[in-house]
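Welcome! Take a moment to look over the chain below, and then we will walk through it together.

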Amino acid sequence: MASVESQVGPAANATPIPLWLLAEVTYRCPLQCAYCSNPIAFARYRNELETDEWLSVLDQARAMGAVQLGISGGEPLLRKDLETIVKHARELGFYSNLLTSGVGLDETRLGELKRAGLDHIQISFQADSSGPSDEIAGGHHFSTKERMAQAIKAHDYPMVFNVVMHRRNLDRVDSILQLAWDLGADYVELANTQYHGWAYHNRAALMPTREQIRRAEAITQHWREKVGNRMQIYFVGSDYYDETAKPCMNGWGTTFLGIAPDGRAMPCHGAAELPIELPSVREERLQAIWEDSHAFNVFRGHDWQPEPCRSCELLHSCHGGCRCQALLLAGDAWATDPVCPKSPLHERVVREVEAADERKNEFPLVMRTVKNSRSLS
């Protein structure tokens, strides 16, 4: 792979390989999660890629060297051609991972996906029981998720049990981990909310206290010691509380290539919210997009970065942090990520965390619905 210094510019021999392809095959979803990472304006994007267009994307990405395929949404199970996409990915040599709510899955479809060559399933939960789960996700889907988690194990899939953590479920982490254990999870990802998209809009309702996070981390460590390697547990911190600027997708335009349902190519999950024009696979070849487009080169490398990033000893590890976060918190996608303590705007993050510590009243959640998407965008 090319050095970091060489990752600026469009030449093929100076551009790294997109090892990870994320296919966001639809924004449609039966859930209404108030922390959803889909764009607020998801309702605008209805012209989804056809089956043959997705197969072409896979062909092109694999030819460029991509090896890992994530299939997500929305809810990817709403695509009737999902098995066709999975089968083609297997024929090309991808390792494929389905990221799903489990809603819309059944024994028959699990068998079809297994025969098609699906390698891995990550199933999302919102809590440890139906009441809080229904409140967070909308609808009554908890029992379906339980059954499908059991079915995933019965079909011998490696199973990742994923829960997005926030103010309304961090205090339930012990019973959440018990549920994961009872369902036979191989891996558990407790992913603290990152405040983009719908989560940013619901930030006041979702941000926990620092004490909640401290207790949850201690309980998680206790579980790690108790179960050892029988269930791998990952506690992914929130940038606001870690006070660490995390590298955007391992560095912008270095590893990750996302395709939105309508064919827009994205250098990160949230790129649709940034003030840059995203190229489309319907208009350009994927390799040209990856190597030559403004969208994939604008934050590639380090020439674009301001101070204090330019002279920071962490420059080559954090790459300036998250561009979406910079836009939301600083109003400027080119700014130093304000979660970094060296940012001149870091105090804005400190104030948000302090406000969450002091907050007494519960704010209502604005659910991810088509109606709300249209009204907010």
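## Overall fold

In this predicted model, residues 24 or more positions apart make up 73% of the contacts in the protein chain with a separation of 6 or more. The chain is built from 16 helices and nine strands.

How does the radius of gyration of the protein chain fit a compact globule? For 377 residues such a globule would have a value near 21 Å, and the protein chain has 20 Å, which agrees. Along its principal axes, the C-alpha trace spans about 50 × 50 × 45 Å.

## Surface and charges

Of the 377 residues, 58% count as buried. The accessible surface of the protein chain is about 15800 Å², with 51% of it belonging to carbon and sulfur atoms.

The chain carries 39 positive and 49 negative charges, and their mean positions are 3 Å apart.

## Aromatic pairs

The count of aromatic pairs comes to 10. In one of them, the rings of F125 and F142 have centres 6.0 Å apart and planes at 80 degrees, so the pair is edge-to-face. F125 sits in strand β4 and F142 in helix α5, so this pair ties together parts that are 17 residues apart in sequence. F125 is buried at 0% relative accessibility, and F142 is buried too, at 8%.

F125 also pairs with F161, this time stacked, at 4.7 Å centre to centre and 20 degrees between the planes. That pair links strand β4 with strand β5, 36 residues apart. F161 is buried, with a relative accessible area of 0%.

Elsewhere to look: W252, F299, W304 and W334 form one aromatic cluster.

How values were computed
Residues are numbered from 1 along each chain as its sequence is written. This is a predicted model: local features need pLDDT of at least 70, side-chain atom pairs count only at pLDDT 80 or more; totals for chains, interfaces and linings use all residues. Side-chain values use heavy atoms; hydrogens and water are left out. Helices (H or I, at least four residues) and strands (E, at least two) are DSSP runs, numbered from the N terminus. The radius of gyration is taken over C-alpha atoms; the globule rule is 2.2 Å times the number of residues to the power 0.38. Buried means under 20% relative accessible area, exposed over 50%, partly exposed in between (1.4 Å probe, protein chains only). Contact means heavy atoms within 4.5 Å. Accessible areas come from the Shrake-Rupley method with a 1.4 Å probe; for residues, only the protein chains shown count as cover. Lys and Arg count as positive and Asp and Glu as negative; His and the chain ends are not counted. The place of a charge is taken as NZ of Lys, CZ of Arg, CG of Asp or CD of Glu. Rings of Phe, Tyr and Trp (its six-membered ring) pair if their centres lie within 6.5 Å; planes under 30 degrees apart count as stacked, over 60 as edge-to-face and the rest as tilted.
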